[in-house]
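Keep the sequence and the 3D view open while you go through them.

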Amino acid sequence: MRNISDIIEKYLKSILHESPEGTIEIQRNDLADQFSCVPSQINYVISTRFTLEKGYLVESKRGGGGYVRIRRIELPGPTSLHTHLQQTIGDEIGQTAAEGLIYQLEEARFLSRREAALMRSAISRDVLAIKLPYRDQIRAKLMKAMLIALLS
C-alpha cells in the first residue's frame with residue numbers, strides 16, 4: 001500500500017494537471033481533513049515533492065484565509081531545451097539539483113522512466129565517490145553528455 005504522502009502528491013498532481021492555467025490553490029486544513037491527516041503532513045508533501053528543482057513554484061499565505069498556490073513551471077520547447085539545460089547545469093551541479101532536473105525531464109516526457117533511473121544512478125554521490133567540488137563538476141559533465149545523447 002502506498003503511504004499517505006504518495007497519495008497526497010498524486011492527488012495534487014492530478015488536479016494540477018486538470019487545471020487549464022497549470023496552477024492550483026488549496027487550503028492546508030481542508031486538504032488535511034480530506035485525507036484525515038495533520039496539516040504538517042500536507043506541508044511535508046508540498047515542501048519535499050513540489051520544489052523549484054522539480055519544476056514547481058509554491059507560494060503560501062498563512063493565517064485564517066491562508067492558502068497554498070502551486071504552479072507548474074513548464075520546460076522550454078525542444079528548440080530551446082538545449083540552451084536551458086546548459087544554463088541550468090552549468091560547470092557544476094549538486095545531486096539534489098541534478099535529480100530535480102531529471103525529475104522535470106521525466107515528468108515532461110523528455111526522458112523515459114528507465115533513462116531517468118539510469119541517470120540518477122550514474123550521478124549518485126555513492127557512485128561519484130570523490131571530494132567536492134570535483135564531484136559536482138564531474139556530475140555536470142556526465143549530465144550534459146547523457147542529456148545531449150538522449151535528447152539529440
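P133 has its place in the loop between helix 6 and helix 7. Helices (H or I, at least four residues) and strands (E, at least two) are DSSP runs, numbered from the N terminus. This is a predicted model, in which local features need pLDDT of at least 70, side-chain atom pairs count only at pLDDT 80 or more, and totals for chains, interfaces and linings use all residues. Residues are numbered from 1 along each chain as its sequence is written, and side-chain values use heavy atoms, with hydrogens and water left out.

## The whole chain

**Exercise 1.** How many helices and strands does the chain have, and what pattern do they follow along the sequence?

*Solution.* Count first: there are seven helices and three strands. Then read along the sequence, where the pattern is α-β-α-α-β-β-α-α-α-α. For the dimensions, the C-alpha trace spans about 45 × 35 × 30 Å along its principal axes. The chain has 152 residues, of which 37% count as buried.

## Helix 2 and helix 3

**Exercise 2.** Work out how helix 2 and helix 3 pack, and which residues meet.

*Solution.* Two packed helices are described by the angle between their axes and the distance between the axes. Helix 2 (residues 28–35) and helix 3 (residues 39–49) pack at about 105°, and their axes are 8 Å apart. Axes here are lines fitted to C-alpha atoms, for helices over the stretch in contact, and angles run from 0 to 180 degrees between N-to-C directions. The two helices are therefore roughly perpendicular to each other; angles under 35 degrees count as roughly parallel, over 145 as roughly antiparallel, 65 to 115 as roughly perpendicular and the rest as oblique. Now for the residues: R28, N29, L31 and A32 of helix 2 meet P39, I42 and N43 of helix 3. Sorted by class, this contact has four nonpolar, two polar and one charged residues. Ala, Val, Leu, Ile, Met, Phe, Trp, Tyr, Cys and Pro count as nonpolar, Asp, Glu, Lys and Arg as charged, and the others, Gly among them, as polar.

**Exercise 3.** Which residues are buried in helix 2, and which in helix 3?

*Solution.* In helix 2, the buried residues are R28, L31, A32 and F35. They cover an arc of only 100° around the axis, so they sit on the same side of helix 2; the arc is that of the directions from the helix axis to the C-beta atoms. N29 and D33 are exposed on the other side of helix 2. The cover over the buried residues of helix 2 includes helix 1 (4–18), strand 1 (23–26), helix 3, strand 2 (56–61) and strand 3 (67–72).

Turn to helix 3, where I42, V45, I46 and R49 are buried. Down the axis of helix 3, these residues fall within an arc of 100°, so they line one face of the helix. Their cover includes helix 1, strand 1, helix 2, strand 2 and strand 3.

**Exercise 4.** Are S36 and R109 buried or exposed?

*Solution.* S36 lies in the loop between helix 2 and helix 3. Its phi is positive, about 50°, although S36 is not a glycine. S36 counts as exposed because its relative accessibility is 70%. R109 is in the loop between helix 5 (95–107) and helix 6, with a positive phi near 65°. R109 is exposed too, with a relative accessible area of 72%.

Key: Contact means heavy atoms within 4.5 Å. Buried means under 20% relative accessible area, exposed over 50%, partly exposed in between (1.4 Å probe, protein chains only).
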